[in-house]
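Biologist: I'm new to this structure, and I'd like a close look at a single helix in it. Could you walk me through one, and then show me a few other spots worth a visit?

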Amino acid sequence: MRRDEWDATNATGPGAGTTAARPDGQRLVPLATALLQDDGLILHWSEDAESLLGWTAEEAVGTHAARLLTEDGDGPAATELLERLTSGKSWSGVLPVRHRDGRTVELEFRTYPVAGPGGTLLLLATASDTAALHRIEADLAVLDGIFGQSPIGMAVYDTELRYVRLNESLARMNGLPVADHLGRRISSILPGINSTEIEQLMKQVLATGRPVVDARSHGRVPGDPRRDRAWSASYFRLEDSTGRVFGVCSSIIDVTERFRAEARAARAQERLATIAEATARIGTTLDLQRTAEELIEAVIPRFADFATVDLLETVLRGAEPTPIPDDRGAMLRALAVGEAYETGLAGAVDTVGEVAEYAPGRSYTECLRSGRPLLRAHVDEEVLRGLVASPDRVAPGLAAGIHSYLMLPVIARGMVLGGAEFIRMRNPEPFTAADVALAEELVARTALAIDNARLYRRERETALTLQRSLLPQEIHRTLGLEIAYRYLPSSVTSEVGGDWFDVVPLSCGRVALVVGDVMGHGIRAAATMGQLRTVARTLATLDMPPEQVLTRLDETATGIGEGQFATCICAVYDPLERTLQVAAAGHLPPVWVAPDGTARRIEIPPGVPLGVGGVAFESVEIPLPEGALVALYTDGLVERRGQDLDDGIDLLARTLGGPGRTLEASCDAVLGALVSGGSDDDIAMIMARVLPLPADRVATLPLSGGGRLPGKARRFTRSTLAAWGLSALADYAELLVSELVTNALLHADAPRRLRLFRDRVLTVEVSDAGGQTPQLRPFAEQDEGGRGMFLVSELAQRWGSRLTRDGKVVWAELELPFGSG
């Protein structure tokens, strides 16, 4: 609809009868019409004339207009009115006329001569109330003033959403003259904005009649084609009192600055959200690679389309970071790589774990050397060549659409640890100074976490090295006993613990099994563990019984320092007697499994932890038949949060129960049943199974009855060694046996038994009823005796004695010839 069509639709022409109506149905400007003869006789009288002057058509028709509408009827006023109306030509003007109720009404007249029947002259007269006209003119003037002077853009659209009217303010906003808008739709004159969305909204207003307030539009207009702008618009439907819809009216405000401020605030809020999320995400573990991955996860896809984190190879090897010399490049290992979508860059960068060398002149290397961010807001081929590690990566980078690049050194404690790269491809915005500030905050947090992880790794490796060096490096084969063990560091605790175990070979084929647990974690606990293990090993080799070993260990723990406590269990197995002597210091009881598969815990006096001081320990001795199994362990194996400790021990016993498994399989079964989900503490465990003792390894001679016992013992020794293929040792062994038996006869009065035992060495032992251990005594040349134990000491590789319940045992060892073990 054109402007002239719009005006014609909403205005009343001659003979129309009325203009637009108010919602209450009253005429805004009644337009009276009358048809007169040339003598002023009224031939026609309209409804609006009746409404305006009060005379009905029946009263007016056939009456002279001058007499009806003037006071004097035939006076000067009537004459003037008659002359005006019957002049025979068009005329317009304002005349006062009489209303039916007697008051005077000023009317604006327009007269039009018309030809009547037979060529008679008739006159068509129209009249309107001047007061109503003045009121309408004022309203129109106000509306024109609003349209013409308002700084707010205003427009009227027809039902086809074409411009019908708009003001200069809107024309200036759009950058086009008013005339270029009329009759055209928004989509045709403003293609650079979201016109489809706007027109859809206007259609909804036309269809529903519900106004829309603060509808946002945005884009670029011909008046400002290089900048994005934003507008706030309100729309309402135009209709008359009958509901007839004429179109849509809009008011539009330019809110570009507010939009940009809101966008800046939104970006700032997003940056804060990114920082908050990254703070919660980065540094959750003390793992270097995981920390780098957490940074990648925090920035993709919100901040970058592609990101990498690389660390200097020297830093990953454990060395302290040092400045990069000007004449040297940088060796970096990729720690984490991430992308928001299939960018195609994954094959053009270092894969995780790969080491790449950056030449001294590369931008990347210079950035690491300077410690300052490297921003390339716009990337082209030349820029990319200076960034990549090798020229063959330029083409894939360009093909992927890299257009903006940001790299920041990973700096902690003032030293560069590596670099983090951020790349945009699908994200159209280049990196800005605000992005650099955000990235610096994220990378700084990551650098701190990486440095903590690096230092932790170094400390942990140091502690683990110390701990491993203090644990047994080799478990010697023990005759008559099969041994298996496991040691598992905690899967939760970030520091090493103080758990330890040891297998100590003793004289006469015996073996000591020791398991302990220093309370606490860290290097101090590991160092305390090392001290206690060394002392325990030394004490065990002195043939001390388990309770004495623990007593001396308690003294050692007390002297180490306040607050250093440990639990320990010490067990000594004698394969010849098939007995196990056990004592505990606040430690959990061993689990014993009979040859038939029946499992139970060994009830022993629990004792108090080492370091308490001044408390005696007790030991018990139990027989171990062939096929029996014993398990010693630390509390990390059976203790779980929220679970009773006895339940864990019972589960261990049930798992070990039942025949048919090898010792190694039993260890694996125990760990599978009790430690499948990881443990909060370190775990140390030893399992030992009694094996049959080969008959050709032990020979026993009772030393009782009459006769010369030393000679009898020598003959027994020579014949036994000959049977074992050890005749080369017969002379030395006879001398040792002769001296040991003689010494028992002289000083103990009751030698009981000679036993030869062949294992890693040849052991000669003589038991007697005496309780006094032999000593090396000084002697003079003229002395006839006292040389026996001196001779034993010279002949034997090692010798010693130990007390038993009914006396003592004196033993000596000879090294076996090579190849005879």
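Modeller: Happy to. Keep in mind that this is a predicted model. Let's go to helix 19, which covers residues 645-656. Helix 19 is 12 residues long, and from its first C-alpha to its last it reaches 17 Å, close to the 16 Å expected at 1.5 Å a residue.

Start where the helix begins. A side-chain oxygen of Asp-644 comes to within 2.9 Å of the backbone nitrogen of Asp-646. Past the other end, helix 19 is followed by Gly-658, which has a positive phi, near 95 degrees.

Now, which residues of helix 19 are buried? They are Gly-648, Ile-649, Leu-652, Ala-653, Thr-655 and Leu-656. If you look down the axis of helix 19, these buried residues fall within an arc of 165 degrees, so they line one face of the helix. As for what the buried residues of helix 19 pack against, the list has strand 22 (591-593), strand 23 (599-601), strand 25 (629-633), helix 20 (663-674) and strand 26 (683-690).

That's the helix; on to some strands. There's an open sheet of five strands, in the order 2-1-5-4-3, with antiparallel pairing. Strand 2 (42-45) and strand 3 (91-98) are at the edges with a single partner strand each, so one side of each has no neighbour in the sheet. On average, neighbouring strands of this sheet are turned by 30 degrees against each other, direction ignored. Strand 3 runs antiparallel to strand 4 (residues 104-115), and eight bridges join the two. Look for Trp-91, which sits opposite Thr-111 in strand 4.

For a hairpin, go to strand 8 (residues 212-221) and strand 9 (residues 224-239), which have two residues between them. Strand 8 and strand 9 pair in the antiparallel sense over seven bridges. Here Ser-217 has Trp-231, in strand 9, as its bridge partner.

Next come a few single residues. Thr-343 belongs to the loop between strand 12 (330-339) and strand 13 (355-358). Is Thr-343 buried or exposed? With a relative accessible area of 7%, Thr-343 counts as buried, because the cut-off is under 20%. Its side chain makes a polar contact with the side chain of Glu-339 (2.5 Å), and the Thr-343 side chain also reaches the backbone nitrogen of Leu-345 at 3.2 Å. Leaving aside neighbours within four places in sequence, Thr-343 is in contact with Asp-305, Phe-306, Ala-400 and Met-425.

Gln-581, in strand 21 (residues 579-585), is buried too, with a relative accessible area of 18%. The side chain of Gln-581 makes a polar contact with that of Ser-619 (3.4 Å). Not counting residues up to four places away in sequence, Gln-581 touches several others, including Pro-545, Cys-570 and Val-620.

Last stop: Arg-477, in the loop between helix 16 (433-470) and strand 17 (481-488). Arg-477 and Arg-760 are 283 residues apart in sequence, yet 8.8 Å apart in space, C-alpha to C-alpha. With residues up to four places away in sequence not counted, Arg-477 touches Asp-759 and Arg-760.

Notes: Residues are numbered from 1 along each chain as its sequence is written. This is a predicted model: local features need pLDDT of at least 70, side-chain atom pairs count only at pLDDT 80 or more; totals for chains, interfaces and linings use all residues. Side-chain values use heavy atoms; hydrogens and water are left out. Helices (H or I, at least four residues) and strands (E, at least two) are DSSP runs, numbered from the N terminus. The expected span of a helix is 1.5 Å times one less than its number of residues. Buried means under 20% relative accessible area, exposed over 50%, partly exposed in between (1.4 Å probe, protein chains only). The arc is that of the directions from the helix axis to the C-beta atoms. Contact means heavy atoms within 4.5 Å. A polar contact is a pair of N or O atoms within 3.5 Å; within protein, one must be able to donate a hydrogen and the other to accept it, and residues adjacent in sequence count only if both atoms are side-chain atoms. Two strands pair if DSSP finds at least two bridges between them. Axes are lines fitted to C-alpha atoms, for helices over the stretch in contact, and angles run from 0 to 180 degrees between N-to-C directions.
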